[in-house]
Amino acid sequence: MSSYRTVVVGADGSRPSLRAVSRAAEVARDSSARLVVVCAYYPSSPRQVHEAEDELGDEAFQVIGSAPAESNLREAAAVAAEAGAAEVETVARKGEPVPVLLAAAREHSAELLVVGSRGLNTLKGRILGSVPSEVCRRADCDVLVVRTTR
């Protein structure tokens, strides 16, 4: 397997995404690569955040807006450092996860894009969509889907 110079990973603040960040950090460490942690968000008012939390419960992190993006990225950077990544950059971008991740991979010339698999085989999964499936289908670089549902 060739060595990667830049690895991009998506992080949304959920526990599964932090497991994906940890795995991406291990790959970056083993390849002496730079790790770019990306968080996509939607701007939301406090009222919209409250409504999303009421409606979606544990899935609310997907739509609650920019307020937690910086906090999510700080936590993800700490997880990455703990897993041994030497160079970690964080990026918060407004937009849907798939286009944001694909754009970040292109902009940073990533050879590997890492996403977590949450196993959303439910109505919520069909409504929110499958980020791993779309990323695998559309990415121009290698994709690692980390099984995070165990």
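## Salt bridges

The structure, a predicted model, holds seven salt bridges. One of them joins the side chains of Arg23 and Glu26, with a distance of 3.2 Å from N to O. Both of these residues belong to helix H1, where they are three residues apart, or about one turn of the helix. Arg23 has a relative accessible area of 34% and is partly exposed. Glu26 is also partly exposed, at 26% relative accessibility.

Another salt bridge links the side chains of Asp30 and Arg29, at 3.0 Å from N to O. Asp30 is exposed, because its relative accessible area of 57% lies over the 50% cut-off. Arg29, with a relative accessible area of 39%, is partly exposed.

A salt bridge also forms between Glu107 and Arg93, whose closest N and O atoms are 2.9 Å apart. Glu107 is in helix H4 and Arg93 is in strand S3, so this pair ties together parts that are 14 residues apart in sequence. Arg93 counts as partly exposed, at 28% relative accessibility.

Five strands make up an open sheet with parallel pairing, in the order S3-S2-S1-S4-S5. Strand S3 (87-94) and strand S5 (142-147) are the edge strands, and each of them pairs on one side only. From one strand to the next, the twist averages 25°.

Strands of a sheet pair through backbone hydrogen bonds, in either a parallel or an antiparallel sense. S1 and S2 pair in the parallel sense, over five bridges. Thr6 stands opposite Arg34, a residue of S2.

## Helices on the sheet

Helix H1 lies across S1, S2, S4 and S5, and runs at about 175° to S1. Helix H4, which covers residues 97-107, packs on the sheet and touches S1, S2, S3 and S4. The direction of H4 makes about 150° with that of S2.

## Nonpolar cores

The largest nonpolar core has 24 residues. Val7, Val9, Val21, Leu35, Val37 and Val114 are the residues with the most contacts inside this core. Two or more core residues come from each of strand S1 (6-10), helix H1 (15-31), strand S2 (34-41), helix H3 (69-82) and strand S4 (112-117). H1 gives the largest share, seven residues.

Apart from neighbours within four places in sequence, Val7 is in contact with Ala24, Val27, Ala28, Ala33, Arg34, Leu35, Val36, Leu112 and Val114.

## Ser31 in helix H1

Ser31 is located in helix H1. Is Ser31 buried or exposed? With a relative accessibility of 14%, Ser31 falls under the 20% cut-off and therefore counts as buried. Leaving out neighbours within four places in sequence, Ser31 is in contact with Ser3 and Tyr4.

Conventions:
Residues numbered from 1 in each chain as written. Predicted model: local features only at pLDDT ≥ 70, side-chain atom pairs only at ≥ 80, totals over all residues. Heavy atoms only, no water. Core = buried A, V, L, I, M, F, W, Y, C linked by side-chain atoms within 4.5 Å. Buried < 20%, exposed > 50% of the residue type's maximum accessible area, 1.4 Å probe, protein only. Helix = DSSP H or I, 4+ residues; strand = E, 2+ residues; numbered from the N terminus. Contact = heavy atoms within 4.5 Å. Pairing = 2+ DSSP bridges. Axes fitted to C-alpha atoms, helices over the stretch in contact; angles between N-to-C directions. Salt bridge = Lys/Arg side-chain N within 4 Å of Asp/Glu carboxyl O.
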